[in-house]
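This report describes the fold of one protein chain. Please consult the sequence and the structure shown below while reading.

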Amino acid sequence: MDPVTALELVKHGATLLLLDVPQYTLVGVDTQIFSIGPAFKGIKMIPPGIHFLYYSSSSRDGKEFSPVVGSFIDVGPSEVIVRRWELQEERLGKISEEEAERFAGAVKRLEFDGNLGPYNLSHNGEWKRLSNYITRSIIERIEPIGGEIMITSESGMVHNVSKTSVEKALDEQLMNSKFSISTSNHKSMKRGCYYTSIPRTIKHRGINANELTSLNLDKTELLEDILMKDYGGKEDVLLGELQFAYVAFLMGQSLEGFLQWKSMVCLLLGCIEAPFRTRSQLYTKFIKVIYYQLKYGLQKDRADANAAGLGVSTLLDESWFGADSFLHQLFKEFFSLVQEASVVDGDLLTWARKLKELVENELGWEFQHGSTVDGIYFAEDDEYAPVVEMLEDQSV
């Protein structure tokens with residue numbers, strides 16, 4: 001990159017000025033992680049928009065790390081965000097407005113330029129695919145009081161939640177840190193994120209058992225109720241919360257985020273009518289979202305190169321997605337629905353094919369053998385193979 005272009009990117013991009021951060025601390029922005037050296041004072045050239053800042057303090061020898069602390073930020077062009085390391089609490093804290101303005105002026109005069117690591121713009125597209133539905137209003141609605149997402153504030157809230165063996169192992173992994181941070185000041189702030197409540201089962205008075213069973217087999221009505229009541233009918237807001245929970249889980253090591261992500265995925269993949277009749281456009285966007293989530297989370301080279309020391313790589317390790325996992329069963333049922341549907345939106349079918357190929361190639365999952373139509377398997381003489389139609393945009 002030529003110097004003129006680089007200077008323009010520095011001036012237009014946002015800057016995170018991080019003062020007094022100890023050496024070996026791990027600081028991440030989006031999909032990028034920096035190991036702090038003695039001269040490091042922050043990150044420059046951050047594109048305007050939504051980002052996720054997270055960090056993990058280190059032992060003096062840089063071999064053990066505390067649980068991650070993360071928060072979403074929304075930065076504007078040329079904005080400077082200043083944080084200072086608070087040694088007692090081992091966390092990044094805000095400074096006074098007057099002091100922040102003084103430091104921001106110094107950043108804009110390029111006085112800190114040599115101490116700022118550049119945001120790798122080639123990774124921004126990857127981050128946008130993981131966060132394109134997250135907005136400032138979604139962050140403000142969901143984020144915990146104080147904005148910090150951390151597993152040390154969640155143990156009490158998720159301790160009694162019914163979990164699978166995989167989730168229990170994940171819980172133990174997240175909490176079993178050899179080098180723990182001081183939590184004396186965090187205990188009074190044990191508040192998690194304000195996620196939308198997703199019921200596991202549908203309960204209705206005044207209907208018979210067969211009707212109730214039918215409602216629970218097809219969660220389309222529950223999805224519609226939640227969409228209208230909690231999201232004002234806005235499909236993109238639901239998808240934004242799904243992405244928020246995933247980022248909080250994968251990068252912020254939040255068990256609460258994982259449980260919310262799982263609940264939302266189970267709801268969406270538990271619908272029979274919605275994908276093909278009432279919410280085809282939502283499902284096309286949803287399958288695209290989960291495709292990029294899994295594609296990123298299962299990258300082996302990313303895990304080894306960028307997440308060393310944080311333990312993030314193990315959170316979406318292949319062992320979490322064995323053939324007996326909830327995702328395997330949900331995908332199996334969803335792909336079967338696509339196969340059996342009489343009419344399928346063309347874009348939905350395309351992304352279902354891509355998702356199926358991804359989990360088959362990355363995880364070795366098998367669903368059904370036979371010939372293929374656009375990547376979804378059908379028997380050779382299957383007269384019920386779906387008709388592919390390009391449906392018109394549906395109003396939300």
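## A residue in helix α2

Does Phe103 count as buried or exposed, and at what relative accessibility? The model examined here is a predicted one. In this model, Phe103 has a relative accessibility of 12%, under the 20% limit, and therefore counts as buried.

Phe103 belongs to helix α2, which comprises residues 97-108. Apart from neighbours within four places in sequence, Phe103 is in contact with Leu17, Leu19, Val82, Arg84, Ile95 and Phe112. One of these residues, Leu17, is 86 residues away from Phe103 in sequence, while their C-alpha atoms are 8.2 Å apart in space.

## The chain as a whole

The protein chain contains 15 helices and 14 strands. It has 396 residues, of which 51% are buried. Among contacts with a separation of 6 or more, 76% are between residues 24 or more positions apart.

## Nonpolar cores

The largest nonpolar core has 96 residues. Within this core, Leu223, Trp261, Tyr283, Leu294 and Phe331 touch the most other members. A second core of 11 residues is separate and includes Leu17, Val82, Phe103 and Ala106.

## Helices α12 and α14

Helix α12 spans residues 280-297 and helix α14 spans residues 326-340. Their axes come within 15 Å and cross at roughly 145°, and the crossing is left-handed.

Which residues form the contact between α12 and α14? From α12 come Tyr283, Ile287, Ile290 and Leu294, and these meet Leu327, Phe331 and Phe334 of α14. The contact comprises 7 nonpolar residues, with no polar and no charged residues.

## The buried side of helix α3

Helix α3 covers residues 124-131, and its residues Asn124, Glu126, Trp127, Leu130 and Ser131 are buried. These residues lie on the same side of α3, because they cover an arc of only 155° around the axis. The elements that cover the buried residues of α3 include strand β5 (49-56), helix α9 (235-250) and helix α12.

## Ala14 in strand β1

Ala14 lies in strand β1, which runs over residues 14-19. Its relative accessibility is 1%, so Ala14 counts as buried. Although Ala14 and Pro48 are 34 residues apart along the chain, a distance of 6.4 Å separates their C-alpha atoms.

When neighbours within four places in sequence are left aside, the contacts of Ala14 are Ile43, Lys44, Met45, Ile46, Val75, Gly76, Ser78 and Glu79.

## Two positive phi angles

Most residues other than glycine have a negative phi. Ser78 is not a glycine, yet its phi is positive, near 65°. This residue lies in the loop between strands β6 (69-75) and β7 (80-86). With a relative accessibility of 28%, Ser78 counts as partly exposed.

Gln253 also has a positive phi, of about 55°, although it is not a glycine. The loop that holds Gln253 lies between helices α9 and α10, the latter formed by residues 255-268. Is Gln253 buried or exposed? Its relative accessible area is 7%, and Gln253 is therefore buried.

Technical notes
Residues numbered from 1 in each chain as written. Predicted model: local features only at pLDDT ≥ 70, side-chain atom pairs only at ≥ 80, totals over all residues. Heavy atoms only, no water. Axes fitted to C-alpha atoms, helices over the stretch in contact; angles between N-to-C directions. Helix = DSSP H or I, 4+ residues; strand = E, 2+ residues; numbered from the N terminus. Left-handed = near helix turned anticlockwise from the far one by under 90°. Contact = heavy atoms within 4.5 Å. Nonpolar A, V, L, I, M, F, W, Y, C, P; charged D, E, K, R; others polar. Buried < 20%, exposed > 50% of the residue type's maximum accessible area, 1.4 Å probe, protein only. Arc of directions from axis to C-beta. Core = buried A, V, L, I, M, F, W, Y, C linked by side-chain atoms within 4.5 Å.
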